[in-house]
Each structure stands twice: as structure tokens, then as C-alpha cells.
Amino acid sequence: MPNHLRQVARTGHFSHRLSTDYQQRNEKHPKAHQIKKLTPVKKFTKKILLHFNNHNQLQPTHLTTPCVKLGKLYLFILFPKYTLNILSNFVPNFYIMEIDIKSYLKKPLVWVISAAIIILITITCVLYPYFCSKAEISKTVYVYPKMNVEMLNDSLNAYFGDSFGNHVSNILSMKGVDVATCIGAYKVTIGDSPISLARRLINGRQTPIKFTFNNLRTKEQFAERVGEKFLISKAEMLNALEKDSITKAMGCDSLTIVALLMPDSYEFYWSVTPAKMLNAFKKYHDKWWTTERISKAKALGLTPFEVTTLASIVEEETSKSDERGKVARLYLNRLAKGMLLQADPTVKFAIGDFSIKRVTKEHLRVQSPYNTYVNAGLPPSPIRFPEKSTIDAVLNAPAHDYTFMCAKEDFSGYHNYTTSFSVHLANARIYQAALNARGIK
């Protein structure tokens with residue numbers, strides 16, 4: 001391209017003499033024929049469309065035709081024939097200037113910009129599905145030990161469709177991620193993208209699982225509940241509950257550890273280990289047992305573990321929350337007087353049959369450290385996992401002198417109380433007659 005035309009293309013300025021008519025420009029400037037009057041074109045062309053403005057400046061014409069701006073030039077990529085015809089016939093002072101595209105594109109900046117645009121468009125096209133594909137349902141995805149990317153892909157495809165699952169798997173494969181290191185539970189909600197799930201898998205950002213338990217009596221039941229909710233198996237949890245190295249570190253043994261497991265709602269990761277879970281229960285237990293509660297237990301002559309054990313008996317004895325404090329005080333009175341607790345629930349626990357409706361003399365003779373009809377004091381450990389409210393009922397048991405109680409004959413769940421053994425026997429006969437009348441054996 002001639003130097004004076006390069007200046008035109010770069011600055012938009014041109015000689016005043018070129019602002020006159022086309023013929024004069026050709027005569028006075030022989031090389032001005034490089035700027036041609038707009039004429040019809042048979043094919044799409046790559047030219048620069050210029051025109052003179054009122055200030056005698058040659059500048060790019062602003063049209064709606066798609067173009068790419070290279071420096072101060074406007075390159076019209078697709079310029080159809082009919083558009084040129086219209087401009088030629090109706091718009092004065094328009095010109096087309098041919099330029100050497102190859103030499104112009106040798107400029108480093110142009111190459112960088114062009115390459116950046118191409119790369120950006122390519123990346124956008126490739127990554128669009130990874131960001132914009134959305135999960136249409138909510139589902140928790142579980143990554144198990146020894147799981148590989150193909151197995152994960154099958155699970156994701158089954159839940160969210162092939163597109164979603166394949167994109168997640170592709171990201172993990174490109175990152176060289178070993179799926180077996182991503183063990184855990186990951187909640188996918190409606191609207192989540194493949195890349196958001198992939199990032200969580202790579203970083204191990206699991207979704208915490210809510211764990212609520214209550215109305216349990218044995219370690220076996222607790223371990224089973226854990227096994228239903230987490231990666232931990234029932235056997236693994238039972239082994240941890242009975243492992244001396246774990247229980248001793250928590251200040252208890254394989255029996256009293258039950259007192260640390262307070263019914264409530266907790267949050268754990270699905271891949272939590274038994275030791276970590278038990279440590280969390282221990283921290284919660286210690287936090288709940290405030291200085292005030294410990295002081296109340298000492299005033300009763302009991303340790304926190306013993307209070308929990310007594311609360312377990314009280315909770316088994318009555319389902320009425322408004323009666324638990326009264327029942328607790330009765331047992332405290334018996335302990336204070338050195339009397340056997342003679343609590344029927346401890347016999348059922350010793351036998352291992354909680355469906356017993358009527359405790360017989362044969363039941364009372366069972367040999368077990370948990371049978372409070374033959375063993376003085378409290379049993380070795382809680383006979384159920386008592387609620388915190390029941391523990392508080394023991395700590396705040398209202399004062400009274402009752403030492404005997406018997407279930408009411410109306411089967412309301414409440415009890416008749418007395419300080420007299422003879423009255424107690426009378427109440428017992430009335431209750432037994434009611435059992436007989438109902439055919440309960």
C-alpha cells in the first residue's frame with residue numbers, strides 16, 4: 001500500500017484537494033486511482049469503505065454491515081453485491097480502498113488480538129456446556145471407596161442424564177483426579193452445573209448429613225442407625241464402641257460410653273470415621289454438662305454418668321414427661337435409704353426382651369448386673385439413651401417422700417405413689433386384676 005494511503009487508513013486524514021470531485025483528484029494525484037469510486041461487486045469482497053466528511057477528513061463509514069476493527073481500519077468481512085449497488089447509486093462521496101490484508105496482519109498486536117478473539121470464542125464454545133448445563137432434579141451423589149470415573153459417570157448419567165454426567169467425568173479426567181480420593185456425599189440441587197459439582201468433588205467439599213436419633217436402647221441399635229446413614233458399617237461402629245483405646249481416651253468404658261451418646265440432631269460428613277464421630281459426641285456431652293448441672297449432680301451424690309443411668313430407668317418407667325421428675329425422686333429416695341431400686345425396666349433390659357407386658361417372679365430371678373431386684377444401687381450403665389429433658393428432670397426432681405409406686409389400673413401411663421409397703425401391695429393387686437381382666441400375661 002502506498003505511504004499516503006497508509007496514512008489515510010491510519011489517521012483518517014486526506015489532502016484538501018482530494019475533497020473536490022473525483023476527476024480533479026485523479027488529475028492532480030496520479031496515485032489517487034488507488035481509491036476507486038464505488039462500483040457493483042460480483043462477489044463478497046474484503047475492502048475498506050471510506051468517505052469524506054464535512055471537515056475534509058477521510059474516515060471509515062459506519063454501517064450495520066458486520067465488520068472487524070483493525071487499528072483505525074474497519075474491515076467489512078461480508079459485503080454483498082446488492083449493498084454496494086445501493087451505495088453506488090444513492091450515496092455520494094463513498095469510496096472503496098483495497099488494502100494488503102496479509103501485510104497488515106503481520107503486525108504483532110493484530111495477531112495477538114486476533115488470536116485472543118479466536119481462543120476466547122473456542123473456549124466459550126467448549127466450556128459453555130460445562131457451565132450452563134443444569135441439573136433438573138435434586139439428588140445426593142455418593143462416591144464410594146474404590147470407585148472409578150466410569151462408575152461415577154454411570155451414576156451421574158442415571159440421575160441427571162448423559163450430558164451432565166459426561167461433562168463431570170471429562171473434567172475429572174482432564175484434571176487427572178482419582179475418583180477414589182473423592183469419597184463422600186455431595187448434594188446436587190436443581191440448577192447446579194457440571195463444573196460446580198466437579199469442583200466440589202476435586203476439593204472434597206462434601207455436603208454434611210443430618211443425623212438425628214432417639215428412642216434407642218442398645219449400642220447395637222445405635223450402630224445400626226449409624227450404618228444406615230453413613231459409610232461406617234454397623235460392625236465398625238460396634239467395634240469402636242467396645243475398643244478400649246477409644247473408650248479410655250473419652251474417660252469411660254465400653255459400657256458407660258452409652259452415656260456420651262446424647263439423643264439430638266448432629267451433622268457429620270458421610271465419610272466420617274467412628275473415632276471422629278465419637279469424639280464429636282464427647283465434645284457435645286461435655287459442653288452440655290455445664291458447671292451448674294455438674295453441681296446439681298454432686299448435690300444428689302451422683303456423677304454425670306450415674307445421673308444419665310438413672311434417667312434411662314426413669315424414661316423407661318414412664319412415657320409421661322410431666323411425671324418423670326416425680327419418678328426420679330422416688331428412686332433417689334430409695335437409693336438414699338439403701339433400698340433396692342426394684343425397677344421393672346432393668347429386668348426387661350437384663351432379659352433382652354422389651355416387649356414383656358407383665359414381669360413375673362421368674363423374670364425377677366434372672367441373674368444379671370442389670371437386674372435391680374437382686375443387685376443394689378444403679379445398673380452398670382444406662383438401659384437406654386435418655387433424652388436431655390429426662391436428665392434435667394432427674395437433676396431437678398421435686399422433693400417428696402414416696403418410695404413405692406405401681407402403674408395405675410386405668411392404663412393411663414401414670415402411677416400410684418405411696419410410702420407404705422402394705423398400700424403398695426394393695427395397689428399392685430388392683431393392677432394385676434386389671435391385667436387379668438384384659439388377658440395380659
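## Exercise 1: H15 and H18

Helix H15 (residues 324-336) and helix H18 (residues 388-395) pack with their axes 8 Å apart and at an angle of about 50°. The model is a predicted one, and the task is to classify this packing and to name the residues that make the contact.

Solution. Next, take the handedness of the crossing of H15 and H18, which is right-handed. The contact is then traced to Arg324, Gly325, Ala328 and Leu332 on the side of H15, and to Thr390, Ala393 and Val394 on the side of H18. Sorted by class, the residues of this contact between H15 and H18 comprise four nonpolar, two polar and one charged.

## Exercise 2: H7 and H8

Determine how helix H7 (residues 162-174) and helix H8 (residues 194-203) are oriented, and describe the classes of residue at their contact.

Solution. The axes of H7 and H8 come within 9 Å and cross at roughly 45°, and the two helices are therefore oblique to each other. The crossing in which H7 passes H8 is right-handed. From H7, the residues Phe164, His167, Val168, Ile171 and Leu172 meet Pro194, Ile195, Leu197, Ala198, Leu201 and Ile202 of H8. In this contact of H7 with H8 there are 10 nonpolar residues, one polar residue and no charged ones.

## Exercise 3: H14 and H16

Which residues of H14 meet which residues of H16, and at what angle do the axes cross?

Solution. The axes of H14 and H16 come within 8 Å, crossing at roughly 100°, which makes H14 roughly perpendicular to H16. Ile313, Glu316 and Glu317 in H14 meet Asp344, Pro345 and Thr346 in H16. The residues of this contact divide into two nonpolar, one polar and three charged.

## Exercise 4: The largest pocket

Describe the largest pocket by its volume, by the residues nearest its centre, and by the elements that supply its lining.

Solution. Begin with the volume of the largest pocket, which is about 1600 Å³. Its lining consists of 47 residues, and those that lie nearest the centre are Glu317, Asp344, Val359, Ala407 and Tyr431. Helix H14 (304-317), H15, helix H16 (344-351), helix H17 (361-364), strand S11 (404-407) and helix H19 (421-437) each contribute at least two lining residues, and H19 gives the largest share, with eight residues. By class, the lining of the largest pocket holds 22 nonpolar, 11 polar and 14 charged residues.

## Exercise 5: The second largest cavity

How many cavities of 30 Å³ or more does the structure hold, and which residues line the second largest cavity?

Solution. The structure holds two cavities of 30 Å³ or more, and the second largest cavity has a volume of about 40 Å³. Its lining is formed by Val258, Ala259, Leu261, Met262, Pro263, His285, Thr308, Pro386 and Ile391. Divided by class, the lining of this second largest cavity has seven nonpolar residues, two polar residues and no charged ones.

Conventions
Residues are numbered from 1 along each chain as its sequence is written. This is a predicted model: local features need pLDDT of at least 70, side-chain atom pairs count only at pLDDT 80 or more; totals for chains, interfaces and linings use all residues. Side-chain values use heavy atoms; hydrogens and water are left out. Axes are lines fitted to C-alpha atoms, for helices over the stretch in contact, and angles run from 0 to 180 degrees between N-to-C directions. Helices (H or I, at least four residues) and strands (E, at least two) are DSSP runs, numbered from the N terminus. Angles under 35 degrees count as roughly parallel, over 145 as roughly antiparallel, 65 to 115 as roughly perpendicular and the rest as oblique. A crossing is left-handed if the near helix is turned anticlockwise from the far one by less than a right angle, and right-handed if clockwise. Contact means heavy atoms within 4.5 Å. Ala, Val, Leu, Ile, Met, Phe, Trp, Tyr, Cys and Pro count as nonpolar, Asp, Glu, Lys and Arg as charged, and the others, Gly among them, as polar. On a 1 Å grid over the protein atoms alone, a cavity is a set of points where a 1.4 Å probe fits but cannot get out, and a pocket is an open set with protein on both sides within 12 Å along at least five of seven lines; lining residues have an atom within 4 Å of a point. Grid points are joined across faces, edges and corners, and a volume is the space filled by probe spheres set on the points.
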